[in-house]
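Here is a set of exercises to work through with the model open in your viewer. Try each task before you read its solution.

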Amino acid sequence: MTATEIFTLPKNRMHAFLGALSGYKLYAPVLVEGVLLFDLITDLKKFSCDAALSGNPVKPPKALLFPQTETMFRFNVTRDVDISVGKDNEGERIIFGIHSCDARSFLIFDQVFDRDPSDPYYANRRRKTVIIGIACNIPGANCFCTSVGGGPASKEGLDVLFTDLGDRYVVETVTTRGKVLIKQVRKTNPDLMAECQAVDIQKALELHKSAEEKMPRNIDLDGMPKKLARLSEHQFWSDISSKCIACGICTYLCPTCYCFDIQDEAAPLSANVYKLVGKRVRVWDSCMFPEYTLQASGYNPRPLRIHRIKNRIYHKYKWHPENFKSFACVGCGRCIDFCPVNVDIVEILSKVKAIRD
Amino acid sequence: MINPYLPNLAVIQNIKEEILGQRSIKTFRVTFLDAAIQESFTYKPGQCVMVGILGEGESFVALSSSPTDNGYIEFTLMKLGKVTTALHRCNPGDIITVRGPYGNGFPAENWTEKNIICVGGGIGQAPLRSLIKYIIANRKRYAGRLDVFYGARSVADLCFKEELFELEKRKDVNVYLSIDVKDNAWDRLVGFVPDVLLRAKPSPDSAIAITCGPPIMIRFVVQNFLKLEFKEEQIYTTLEKKMKCGIGKCGRCNIGNLYVCKDGPVFSYDKIKNIPEAIE
């Protein structure tokens, strides 16, 4: 960590700023057929500050580090057997305009994918990615980041933090990496950013505070792991799960859900002999699906929705915290926003709290 | 950076048919193609590997050989799903994939002074075979009693039959072989494994009990060990779950906050007794 440096950037110079980030692939929120999504910016004209700031992208940015489908290696079984990993073509990247909740999700991914042992596919992209966030001035209707240890302007997981002051941004470096990046921009564009005035710093802090106060959903999760431990056989779970249609959207849109499947895709070269070419792919999976745990014997340790929903809640608010000292949830609210039958995780947790035991 | 998902190629040296029929069981003896990998591949009894066939996928399986077996590894598989069925179609000389070893294995290094009681059923004997072979190969260090209980439904369902008959001849091992139902061709014990255990009444003094087998058997064996006044932390078992990665990342094999592939598959009973999904 390093002493922060703070600048201001006029909003109408944003394209100049992004243009100065040469040598990086740039990913940012853009409207794709009316839906806000993280996308590769090949033409800066496609990027609009106002669109990027209009809310949190529908899909979290996890696919940028952990693609929904990726080839792990290719194989060739003919007379010899050959396994080959693709060349690493991934260049340095920047994710721009990410909210603090999504940035924190990468720290949760790190806990799983970047240790004991490191997952090389994830770790490689992670090391090559600089993360520039934008403080969230107006939380969404189902946001609850402050309840899970985050905040609308949390710097955790960020290299640089932008705060929108209307006609200009306050640009604050968080890590050495962020500092180096901003230095690089200023070197090629000396007039782009000015030292931030104390009054602007103050304004940014007030915006951060006011966003926190505007947080629409709040729940005190202190003691939640212990409370859940006492309720594992409670009737309550049956009531909760009867509503769920097990579509899995909560897991696909969750920035912290990382479960995956591994599958072989192969084309036989001969009908009779074991000769083929193919690849081993990794794809997102979901704990909401019965096949996720179905064993070859036919036995399934989590055959019913009640088991699977409970597993999801327990994983996020009990087991992951036991293993890594943080909730596997960043409070982005997507699972609530997009659940087709209004399963509401904050409501579930509130009910858990309210159960007298 | 090391890629833990990249498997090593291995060649099948020998296939032993343990049990025939619909749910047949075979023991595969394999050698890594790369001699350096074969040389450096070390493991503990109770540890597992991901075996696979390119184009079909991978399967998590306990090693049934002992670390003291040099120059090869063995695993024993029932023909059940996609990958195990493909492996059962293989012949000696075929190339398969192996990565690992994975999991914790038995804490056998702490058991040198203990009386060790192994209770196996069906294919569950595979990891116990590794442990038993390991103890016998290190019999000077492992000076305590060694009791081996093993049972199956019928004579035709006994895994590692000849080896167990050989084991019976040893003076330093007490072997209790049983089948569930009386058979005229069988002159040994008859009855369910948990009952055979109860009748034999092994003492809990300075003992370690390990049971691997069908979940229903595990449940009753554990119950009976408790009846024989074994403490929960003296009783060990191995768990089985669907797995894909083998390294605690893909998510599916969890029981509570533990991952069977990484934190298991060996657990003492006190650690898992309150986890509903642990034992079927």
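**Exercise 1. Work out whether B:Phe160 is buried or exposed, then describe its backbone.**

Step 1: count neighbours. B:Phe160 has 24 other C-beta atoms within 10 Å, so it is buried. The cut-offs are these: a residue is buried if 20 or more other C-beta atoms lie within 10 Å of its own, exposed if 12 or fewer, and partly exposed in between, with C-beta atoms placed from the backbone.

Step 2: find its place. B:Phe160 sits in the loop between strand 8 and helix 4 (161-168) of chain B. Here helices (H or I, at least four residues) and strands (E, at least two) are DSSP runs, numbered from the N terminus.

Step 3: read the torsion. B:Phe160 has a phi near 50 degrees, which is a positive value in a residue other than glycine. Most residues other than glycine have a negative phi, and most peptide bonds are trans.

Before you go on, a word on conventions: this is a predicted model, in which local features need pLDDT of at least 70 and side-chain atom pairs count only at pLDDT 80 or more, while totals for chains, interfaces and linings use all residues. Residues are numbered from 1 along each chain as its sequence is written, and chains are lettered from A and ligands numbered from 1 in the order in which they are written.

**Exercise 2. Locate B:Lys201 and decide whether it is buried or exposed.**

Step 1: B:Lys201 has 9 C-beta neighbours inside 10 Å, so it counts as exposed.

**Exercise 3. Show how the buried residues of helix 5 of chain B are arranged around its axis.**

Step 1: list them. In helix 5 (residues 193-200) of chain B, the buried residues include B:Val193, B:Pro194, B:Val196 and B:Leu197.

Step 2: look down the axis. The buried residues fall within an arc of 160 degrees, so they line one face of helix 5 of chain B. The arc is that of the directions from the helix axis to the C-beta atoms.

Step 3: find what they pack against. Their partners in chain B are strand 7 (115-121), strand 8 (146-152), strand 9 (174-179), strand 10 (189-190) and helix 6 (215-227).

**Exercise 4. Check the radius of gyration of chain B against the globule rule.**

Step 1: apply the rule, which is 2.2 Å times the number of residues to the power 0.38, with the radius taken over C-alpha atoms. For 280 residues, a compact globule would have a radius of gyration near 19 Å, and the 18 Å of chain B agrees.

Step 2: The C-alpha atoms of chain B fill roughly 50 × 45 × 35 Å along the principal axes.

Step 3: Of the 280 residues of chain B, 51% count as buried, and the chain has seven helices and 15 strands.

**Exercise 5. Describe the side of chain A that touches chain B.**

Step 1: count. 37 residues of chain A are in contact with 29 residues of chain B, where contact means that the C-beta atoms, placed from the backbone, lie within 7 Å.

Step 2: find the leading element. Strand 11 of chain A gives the most to this side, with six residues.

Step 3: sort by class. The side of chain A that touches chain B has 24 nonpolar, eight polar and five charged residues. Ala, Val, Leu, Ile, Met, Phe, Trp, Tyr, Cys and Pro count as nonpolar, Asp, Glu, Lys and Arg as charged, and the others, Gly among them, as polar.

How values were computed. Two residues are in contact if their C-beta atoms, placed from the backbone, lie within 7 Å.
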